[in-house]
Each structure stands twice: as structure tokens, then as C-alpha cells.
Amino acid sequence: MTKILIDYLPLILEGFKNTLMASLIALFFSIILGTLMAIGQLSKHKVLSFLCNIYVEFFRNIPLLLIVMFFYVVVPLSGINIEGFVAGVIGLTIYTSAFIADNVRAGIESIDYGQYEAGISQGFTEKEVMKMIILPQAIRKIIPPLGNQFINLVKNSSVLAMVAGMDLMYYGDIIASETFVTVTTYTLIGLTYLLITVPLTFIVKHIEIKLNNLY
């Protein structure tokens, strides 16, 4: 393991960087998209609510790999070439946003409806009530689930290896094919993933304890 670590450290570090970058980018956009979908699901406009529900249910119930392959293989047939890394990030964003939408929707529904009515009675518009009163409280309640979604996202990022996305798993496959030392290589790659997920797990638990103490 030591020899592989020394000889292939640049590749492992590159994969580590790309995995972390893909996860952070996908998390950022999936939170935005998921929040919009959650608000849409709760909208009084039936068409908008229906479409947002379809989006969430559809992408929650199909494989992540299928979404990634669609952008990597199918979309380029129309003349729009998408690199593996970008296809992977898009797939991760769409897939994760469907689960985040459920978290955000649950958070919004947990806020007492009286606060919404109070905001309206004070002259706020529906958008202002959602933005200034409801969402800030809902976000505080769903921080732990969002943390868990990020941990899942990091693990799911290994799908980039299927589309030459230059992530940890992709470089792990390269190292294993060049050295034929599969057990050691994949053990090392697994430990590298733990460098990301284990600290995140402790951070999420710490935040959850803090929030429980506040309420």
C-alpha cells in the first residue's frame, strides 16, 4: 500500500480534489433547485405543484447512473458535447435535489401555519412570508438531513468513474489496472473517501445536538 501511495499520490490527490469539488458544486445547486421544487410542491397553483411533484417523484425513483449517462451519452447526440465531470455533476445535482426537496418540504410543513397567517396579516406578500419567515425557520430544522444528503452525495459521486469523470474511483480503476493490485488499491481509495465522509458525519451529529439543545 505504501508503494502505491507514493507512486500514485498525485493521481489520488487529483481524484480527491475532483470528488470534493463535484460534491460541493452539486450540493450548492441541488439545495437551490431542491428548495425551489419544495416551494413549488406546496404552491396553490395546481399545475406548478403537479409539475414539481412529478419532478421529485421521477428523479427519486430512477437510478443516478441513468441520469448521468443521459447527459454523457444521449445529450451529445444532439451536438452538445458534455464532459464526464460536468455530466456527473449535473446528474448528481438533479438526483440529490429531488431528495432535498422532500427535506425542505417537510421542514416548511413543520412550521405552524399561524406564522404564515400572521405574516399576511402584517401586510407581507406570500413570497415575502416564505422568504423572511417560513424558510429561515425551516432551514434550521433541516440542517441535519441536509448534512446526511451531503454525505450520500459524496458517496454517490463515485458514479463519475463510469463517465471518465476524474474522481477518486476513476483514478482508483486506473491504478488497479496498471498495478494489478486491486485489493490494496480499492482499500486505499475507500480510506480516502472516509477522509471526507467521517468528519462530515461528526459535524452533522454535532450540529444536530446543538440544534436539539436550542429547541
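Reader: Leaving aside neighbours within four places in sequence, which residues is Phe59 in contact with?

Author: Phe59 is in contact with Ile67, Ile94, Tyr95 and Ala98, where contact means heavy atoms within 4.5 Å. A quick note: this is a predicted model, in which local features need pLDDT of at least 70 and side-chain atom pairs count only at pLDDT 80 or more, while totals for chains, interfaces and linings use all residues. Residues are numbered from 1 along each chain as its sequence is written, and side-chain values use heavy atoms, leaving out hydrogens and water.

Reader: Thanks! Is Phe59 buried or exposed?

Author: Phe59 counts as buried because its relative accessibility is 17%. Buried means under 20% relative accessible area, exposed over 50% and partly exposed in between, with a 1.4 Å probe and protein chains only.

Reader: And how many residues does the largest nonpolar core have?

Author: That core has 41 residues, and Phe59, Ile67 and Phe71 have the most contacts inside it. A nonpolar core is a set of buried Ala, Val, Leu, Ile, Met, Phe, Trp, Tyr and Cys residues joined through side-chain atoms within 4.5 Å.

Reader: Which helix gives the most to this core?

Author: Helix 5, with 8 residues. Helices are DSSP runs of H or I with at least four residues, numbered from the N terminus.

Reader: Switching to helix 8, which residues are buried there?

Author: Leu168, Tyr171, Gly172, Ile175 and Ala176. They cover an arc of only 140 degrees around the axis, so they sit on the same side of helix 8; the arc is that of the directions from the helix axis to the C-beta atoms.

Notes:
Helix = DSSP H or I, 4+ residues; strand = E, 2+ residues; numbered from the N terminus.
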